[in-house]
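Here is a short briefing on a structure, for a reader who works with models.

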Amino acid sequence: MSGIYESLVKIVGEDFVSNQQEELYFYGRDPGVMPPHKPDYVVMPKNTEEVQQVVKLANKEKIPIVPKGGGLALTGLVIPLKGGIVMDMKRMDKILEVNAKNRYVVVEGGVSQGILKAFLDQNYPDLRHSVPEAPPITTIAANAVIHGQGRLSQQYGFNSDMVNGFEVVLPTGEICKIGSCSVSPYWFSKGPPMPDLSGLFLGWLGTTGIITKIGLKLYPKKRLIDVEVFVTDTEDIIPDVVYKITHTELIEDIGVWSQPKPRMFSGNFHLNIFFTGDTEEELELKRKIIYHALQEYIDSKDGGFMQVPSDLKAAFLANPQKTMSNFADLRKGGGFEYSGPIIPVELYPQFVKKVQELGTKYRVIQNASGRVIQQGHCMMFSFAFTFNRADHDELDRVRKALHEAAEFGSEKGALLWKPTLYEQKMMIDRMDPNTRNLMKKVKNLLDPNGIMNPGNWEV
Amino acid sequence: MDSKYTEQIHRCFRCGWCKFTSDYRDLNCPAYKRFRFDTYSTSGRLWLIRSWLNEEIKWSERLSEILYTCTACKNCVEQCPMGFAPDIVDWIVQARADVVESGQIPARVSRFFESVYGYGNPFKLLRSERGAWADGVKRYEHSDEYLLYIGCLGSYDENAQKMSKSLVDLLNKAGVSFGILGNDEECCGNEVYTLGEEGLFQMLTEKNIRQFKELGVKNIVTLSPHAFNIMKNTYPIYGADFRVYHYTQLLNEMAEKKRLPQKKKKVKVTYHDPCFLGRYNRIYEEPRKLLKSILDLDIVEMPRNRKDAFCCGGGSGNFATDLLAGSEDSPSRVRVREAHKTGASILAVACPGCMVMLKDAIKAENLEDKLTVMDVSQLMLESSI
């Protein structure tokens, strides 16, 4: 690989290439429990042309290349399993266009969730995008590529459903536009009525190309927001509660959570029901409808609404929720990871019991949470475990718990979200053979030299 | 090694909240903004320190640069959601102390220490010239109410000296009883402390405290927020029992007593919060109140202000070591562009370090005919009756 460093310097400039041990160490791992592997180079392109040149170089030299956003998937998706180049996209940080009337935004491939949220809050206060409960440095493009979720997923689906098109650099170096932007100056559709080619990139974990621009749907932002927390000690009623609440068609977001610590939460299952309004009257009307929808559980004493302390309410209403990161420090150890099966809502009781079982079996602190997707069509569930990074035994127990959680999910028919390598393999092994072959054909067609994030989706 | 940081440093999750302002509108870690590799962010620094402690990586020039480009601005402390947040900068300082012990510091930092040790200032300028700016300024006497502590920049830097002079004139106008130490003044040690030279810091601190006690000092007012911070918060550990004020606090008191009447001044001003006054000591309003006391002054805020203010890049000795220079993304240049965008023609500061950094940045950005850096005391003096 002689001369590669010099070639990369020519493309992006000396300040934005590294082959030094510090960057190779840091970019060779993520905060989760997957084993590290060093890249040979880290580059930070500033524009599409630089991305293209780096990809062409990598393709010519057959060097692996791994695009990276915030690097917070936790499941090892940006660990360069076969070395090569890690491409940190975060210098591509421009918000290119907001079309307010048509409710979409076009941003570069490294724009973070936080920067876009702040920009919209300041300049378009009646518009918003679906912000995930992840730290604000996570990027819009990476979140879409892993079929992320966000505050608006209950209403509008996975964050990838909200994509309106791409500019993507293919593994062979061509710059390709996907969606209405390929035939029109407008970015209002990722496919329909044409063939929807966005599927060649969404969910592929960076194995089919590098997104350099992304169009994203924006949604109305009401002036007011509130949350009610429904609590029950009977997990079996949760699917019905979700069914009844979503029937109202008034809910912004529904998060279901349970955890043994702090003790006040132990033994109960909580539904955070978010709703919005432009006036107090609108908010109150929705609150009444929510109460009415769940009145039968209150009457039967199977559940009730919690009086939420003001601090806790503020934490819930924040988006992204900063307090979510605190889970990583419950053990004063700087770590957590979760296995995230996407499940039919009716399976929730089985999955939540499994989390509790795994927490006890492996002696680790657990959290079970789920976000309802698009009126209850499914739920993004998570088996989350916190760990002390300095405690190798605990790390090992968490690895085992996660593995068992994934096996359980797979056996129950779940799809494993942002899957680790072994989770990808579980799904590939269960996959219809013709589907598997189709995936293989797509990968071979787009990436004949197998340079893009190799190791992932190896069919 | 201090067990505290070595036993805690693994707790950083590298979630990256520390990179932003409270509302995520911009990157607010000066070193990360400048270099953009995650390794130059707080989490990068903490993970690399840990890997070095665990002998997973070796000490190197780059690691040294990564460690010393932190300006100790405390944005990370402000933004980190974890329970250990208040300790982050202390961990970095403790790691630096270990590096100093082993002698593997960047050459510029080494020169900084040598200069402070040999000359009492980081610029290798003569001790006998320290008070040269202060011709005619009264030396401190036991009967004076305040010792005015000027510091290294205010004593030696041409632009910071103007701050010192205007402050002296204002205090005289207000009838404050004070004196300076002139050539007998010693470096306060704030930068030496944050750069990790514990021995030199202790020597400076003990020397200063001894001198102040011998002179019967009861109240100290400082020009620099850096000196204010270290004298107020750390000197007491070494036996100091002086009351310490930043000059904006004292001027504010004088203004409230109507001892600093101001005339009208029609100009648009934006104020830059110094880290060691703001995030370190929560003094956000006093400088603004002073500016408001100048009639007709049009004060506009930069988007990043108070606890979200963007560091000028000069903290932790970087006003002298300049490890973040050389790019349009150097923090001082980013900051003056932000100030210019407000439409202000004056960028007000309350710190000689910020004065020096931002004045240089204005030149680099070719904004000399559009934006002028002025200290709060200079603005007040200009408009005083």
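B:Val269 has B:Ile299 as its bridge partner in β6(B). Strand β5 (residues 268-271) of chain B is joined to β6(B) by 3 bridges, and the two run parallel. The model is a predicted one.

**Parallel sheet in chain B**

- The order of this open sheet is β6-β5-β7-β8 (chain B), with 4 strands and parallel pairing.

**Antiparallel sheet in chain A**

- In chain A, 8 strands make an open sheet, and the pairing is antiparallel.
- The strand order is β15-β12-β14-β13-β17-β18-β16-β19 (chain A).
- At the edges are β15 (303-306) and β19 (415-417) of chain A, each pairing on one side only.
- From one strand to the next, the twist averages 25 degrees.
- Strand β12 (residues 224-232) of chain A runs antiparallel to strand β14 (residues 269-277) of chain A, and 9 bridges join them.
- Within this pair, A:Leu224 stands opposite A:Gly277 in β14(A).

**Helices on the chain A sheet**

- Helix α8 (residues 280-293) of chain A packs on the sheet and touches β12, β14 and β15 of chain A.
- The direction of helix α8 of chain A makes about 150 degrees with that of β14(A).
- Helix α10 (residues 310-317) of chain A also packs on the sheet, touching β12, β13 (253-258), β14 and β15 of chain A.
- The direction of helix α10 of chain A makes about 110 degrees with that of β12(A).

**Chain A as a whole**

- Chain A has 14 helices and 19 strands.
- Its radius of gyration is 22 Å, close to the 23 Å that the globule rule gives for 459 residues, so chain A is as compact as a globular protein of that length.
- Along the principal axes, the C-alpha atoms of chain A fill a box of roughly 75 × 55 × 45 Å.
- Of the 459 residues of chain A, 62% are buried.
- Take the contacts in chain A between residues at least 6 apart in sequence: 70% of them join residues at least 24 apart.
- The accessible surface of chain A is about 18,100 Å², and 53% of that belongs to carbon and sulfur atoms.

Technical notes: Residues numbered from 1 in each chain as written. Chains lettered and ligands numbered in written order. Predicted model: local features only at pLDDT ≥ 70, side-chain atom pairs only at ≥ 80, totals over all residues. Heavy atoms only, no water. Pairing = 2+ DSSP bridges. Rg over C-alpha atoms; globule rule 2.2 N^0.38 Å. Buried < 20%, exposed > 50% of the residue type's maximum accessible area, 1.4 Å probe, protein only. Contact = heavy atoms within 4.5 Å. Areas by Shrake-Rupley, 256 points an atom, 1.4 Å probe, with all protein chains shown as cover. Axes fitted to C-alpha atoms, helices over the stretch in contact; angles between N-to-C directions.
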